[in-house]
Amino acid sequence: MTIGLIGLILVLGLALVSMYNGLIKKKNFVNEAFSGMDVALKKRHDLLPNLIETVKAYMKHEKDLLVKLTELRSRAMNPKLTIDERVAAENQLGQAVGGIMVAVERYPDIKANTNFMQIQETMNEVEFEIASARKLYNAKVTDFNNAVEMFPTNIMAKFMNLTKRTFFEIPVEQKENVDVKDLFGNE
């Protein structure tokens, strides 16, 4: 009788340790995937001031959009944001970048500018890197969120104060234009 009870306690203990370690592993995979994406996001942050300066002279009527883009960039770069807050800020920033690129279509002089064409090419590469990293990040978030919501790991997740993570969404402008190059005016 006591051997059976000891065996049951041992099995339950191993199950709890396994769930705990599994959740920690999934949480760390999400963080690792985000850090990989963070590299590409920082490249985009570094390109934005050049993009804004290049288009500012041509886009007199789009001043509000340029100001919004600058504000969103500053917010997304805030080191005090949690990963979920950062993902939300980056989603908004991605939409604003798409808005700038859509607005550029109304200004043929910008599209002919050599500096803009170089920035555009680099932005295409960075957006491709972000898209690849987004795919990996969202896969890890899905795995983590499933563990946080599914029984019995959801009980352990509550005990560990783990909550669902936010997906890194594709901005609306990019959803409409499946090819990233189309977003940036390449024909």
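In the predicted model, Val87 touches Phe34, Tyr137, Thr166, Phe167 and Phe168, when residues up to four places away in sequence are not counted. Val87 is placed in helix α3. With a relative accessibility of 0%, Val87 counts as buried, because the cut-off for a buried residue is a relative accessible area under 20%. Along the chain, Val87 and Asn31 are 56 residues apart, and their C-alpha atoms are separated by 12 Å.

A second pair of residues concerns helix α1. Lys25 lies in this helix and is exposed, with a relative accessible area of 51%; the label applies because exposed means over 50%. Between Lys25 and Asn50 there are 39 Å in space, taken from C-alpha to C-alpha, for a separation of 25 residues in sequence.

The packing of helix α1 was examined against two other helices. Helix α1 covers residues 2-56 and helix α5 covers residues 114-149; their axes come within 8 Å and cross at roughly 160°. This angle makes α1 roughly antiparallel to α5, because angles over 145 degrees are placed in that class. The crossing of the two helices, α1 and α5, is left-handed. Sorted by class, the residues in the contact of α1 with α5 are 24 nonpolar, four polar and nine charged.

Helix α2, formed by residues 63-76, also packs with α1, at an angle of about 170° and with the axes 11 Å apart. The two helices α1 and α2 are therefore roughly antiparallel to each other. The crossing in which α1 passes α2 is left-handed. On the α1 side, the contact is made by His45, Leu48, Pro49, Ile52, Val55 and Lys56, and on the α2 side by Leu66, Leu69, Thr70, Arg73 and Ala76. By class, the contact of α1 with α2 has seven nonpolar, two polar and two charged residues.

Salt bridges were considered next. The count comes to nine salt bridges. One of these salt bridges joins the side chains of Asp38 and Lys42, with an N to O distance of 3.2 Å. Both Asp38 and Lys42 belong to helix α1, where they are four residues apart, about one turn of the helix. Asp38 is buried, with a relative accessible area of 12%, whereas Lys42 is partly exposed at 46%. The two labels follow because buried means under 20%, exposed means over 50%, and partly exposed lies in between.

Arg44 takes part in two of the salt bridges described here. In the salt bridge between Glu90 and Arg44, the closest N and O atoms are 3.2 Å apart. Glu90 lies in helix α3 (residues 83-104) and Arg44 in helix α1, so this pair ties together parts that are 46 residues apart in sequence. Glu90 and Arg44 are both buried. In the salt bridge between Glu127 and Arg44, the closest N and O atoms are 3.1 Å apart. Glu127 is in helix α5 and Arg44 in helix α1, so the parts tied together by this pair are 83 residues apart in sequence. Glu127 is buried, as is Arg44. Through shared partners, salt bridges join Asp38, Lys42, Arg44, Arg86, Glu90 and Glu127 into one network.

Two features of the backbone remain to be described. Most residues other than glycine have a negative phi, and most peptide bonds are trans. The peptide bond from Phe151 to Pro152, however, is cis, with omega near 5°. Pro152 is found in the loop between α5 and α6, the latter being residues 153-159. Asn161, a residue other than glycine, has a positive phi, near 60°. Its place is in the loop between α6 and α7, where α7 covers residues 172-176. Asn161 is exposed, with a relative accessible area of 68%.

Key. Residues are numbered from 1 along each chain as its sequence is written. This is a predicted model: local features need pLDDT of at least 70, side-chain atom pairs count only at pLDDT 80 or more; totals for chains, interfaces and linings use all residues. Side-chain values use heavy atoms; hydrogens and water are left out. Axes are lines fitted to C-alpha atoms, for helices over the stretch in contact, and angles run from 0 to 180 degrees between N-to-C directions. Angles under 35 degrees count as roughly parallel, over 145 as roughly antiparallel, 65 to 115 as roughly perpendicular and the rest as oblique. A crossing is left-handed if the near helix is turned anticlockwise from the far one by less than a right angle, and right-handed if clockwise. Ala, Val, Leu, Ile, Met, Phe, Trp, Tyr, Cys and Pro count as nonpolar, Asp, Glu, Lys and Arg as charged, and the others, Gly among them, as polar. Contact means heavy atoms within 4.5 Å. A salt bridge is a side-chain nitrogen of Lys or Arg within 4 Å of a carboxyl oxygen of Asp or Glu. Buried means under 20% relative accessible area, exposed over 50%, partly exposed in between (1.4 Å probe, protein chains only).
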